[in-house]
Amino acid sequence: HCPQCHYTAHNRVFPDPLKHAYIEKGLVGRRLAEIRKNDPAMVRITETLAAGTAFEKTDFVQAIRLSLLEIYFQRVIIGLLNQSHELLARSLLRLAWLFRDWHEMQPDRADSEQRLASVLDAIAPDWPDCPRSETDALEAACKWFGIALERTSKAQDAVETCGMMVQVARIRVKMGDLALASTQLGECQRSIIHELDIGTRSMNDDLRKHNLSEEERGRMLTDSRKLAALLEECRKRKTAVDRSRAKTLVAAHPKVASVALRKLLEQAEISADIIREFVPDRKEGLFGGLFSS
């Protein structure tokens, strides 16, 4: 945290914030100074969030305020550069973890919550969508991961792209949005399988043509292992999510006949294996199942 301009970033990022940006380094600093000079809202937001910060007295309220400062500056810089949206998503995810830790580790936090609320109320007119809770931060993280994925080019790292997709699915599971999580996990599986197929074809083709260097082939093998691990995670998570969805759906329709219940589960895109687990097929008897449901 800079006590003069209040720029705030992760300790690994702070020394060189634009290390991976393809832009003249002084440009962003000059533009931030111009915005600060001409935009009173920026001054109000940064001064309010930074007021009274002292690292020897760090608590959850101060940590959240500094995290919000990081997020605010990232939003401004992304607006200037139009890149690295996923970094903002990850900062929002860390903010969500911070809110969660606060609730779990400090049960008696009424006074602290009031202190934070007064700060957030003060900046609300200038920053109306500022995240005020774990849920807000998680929802915003999904939004910015989504923007990052929409802007993904075909040349972008496949492991990075699929990793972001899986992260969104993890967030949806954490938020309890199981239907959306299931859809996201299905999309993740299809994307990862597609990338694995591309990598496998490339490596098999190289066995005949020998066009890849040892370094390139090693990188492809490493990527394939990472993608395979993500795929296994997606499959396990989707099975657990769909089993939970099926359990809820069956419990909500206790008097529905088996045929109709299976139809409901199919419409919810539950797999055939899980449907059989919750609504077993009746064995055929002497009459060939004539009276089965």
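At the start of helix α3, a side-chain oxygen of D59 comes to within 3.3 Å of the backbone nitrogen of V61. The model is predicted.

**Helix α3**

- Helix α3 runs over residues 60-81, which gives it 22 residues.
- From first C-alpha to last, α3 spans 31 Å, close to the 32 Å expected at 1.5 Å a residue.
- Of the 22 residues in α3, 18 are buried, so the helix is mostly covered, buried being under 20% relative accessible area.
- N82 follows α3 and has a positive phi, near 60°.

- E47 and R36 meet through their side chains in a salt bridge, with 2.9 Å from N to O.
- E47 belongs to helix α2 (residues 40-50) and R36 to helix α1 (residues 25-38), so this pair ties together parts that are 11 residues apart in sequence.
- E47 has a relative accessibility of 37% and therefore counts as partly exposed.
- A salt bridge also joins R100 and E134, whose closest N and O atoms are 2.7 Å apart.
- That pair links distant parts of the chain, with R100 in helix α4 (residues 85-105) and E134 in helix α6 (residues 134-150), 34 residues apart.
- R100 is buried because its relative accessible area is 18%, under the 20% cut-off.
- E134, at 22% relative accessibility, counts as partly exposed.

- K209 and D205 form a salt bridge through their side chains, at 3.5 Å from N to O.
- Both residues lie in helix α8 (residues 178-209), and K209 and D205 are 4 residues apart, about one turn of the helix.
- An α-helix has 3.6 residues a turn, so residues three or four places apart point the same way.
- D205 is partly exposed, with a relative accessibility of 22%.

**Helices α7 and α9**

- The axes of helix α7 (residues 158-175) and helix α9 (residues 214-252) come within 10 Å of each other and cross at roughly 20°.
- Angles under 35 degrees count as roughly parallel, and α7 and α9 are therefore roughly parallel to each other.
- The crossing in which α7 passes α9 is left-handed.

**Residues with positive phi in loops**

- Most residues other than glycine have a negative phi.
- H210 is not a glycine, yet its phi is positive, about 55°.
- H210 sits in the loop between α8 and α9.
- With a relative accessible area of 61%, H210 is exposed, the cut-off being over 50%.
- E269 is not a glycine either, and its phi is positive, about 60°.
- The loop between α10 (258-267) and α11 (272-278) holds E269.
- E269 is exposed, with a relative accessible area of 61%.

- D121 lies in helix α5 (residues 110-123).
- D121 has a relative accessible area of 47%, which means that D121 is partly exposed.
- D121 and A51 are 70 residues apart in sequence, and their C-alpha atoms are 14 Å apart in space.

Note on methods. Residues are numbered from 1 along each chain as its sequence is written. This is a predicted model: local features need pLDDT of at least 70, side-chain atom pairs count only at pLDDT 80 or more; totals for chains, interfaces and linings use all residues. Side-chain values use heavy atoms; hydrogens and water are left out. Helices (H or I, at least four residues) and strands (E, at least two) are DSSP runs, numbered from the N terminus. The expected span of a helix is 1.5 Å times one less than its number of residues. Buried means under 20% relative accessible area, exposed over 50%, partly exposed in between (1.4 Å probe, protein chains only). A polar contact is a pair of N or O atoms within 3.5 Å; within protein, one must be able to donate a hydrogen and the other to accept it, and residues adjacent in sequence count only if both atoms are side-chain atoms. A salt bridge is a side-chain nitrogen of Lys or Arg within 4 Å of a carboxyl oxygen of Asp or Glu. Axes are lines fitted to C-alpha atoms, for helices over the stretch in contact, and angles run from 0 to 180 degrees between N-to-C directions. Angles under 35 degrees count as roughly parallel, over 145 as roughly antiparallel, 65 to 115 as roughly perpendicular and the rest as oblique. A crossing is left-handed if the near helix is turned anticlockwise from the far one by less than a right angle, and right-handed if clockwise.
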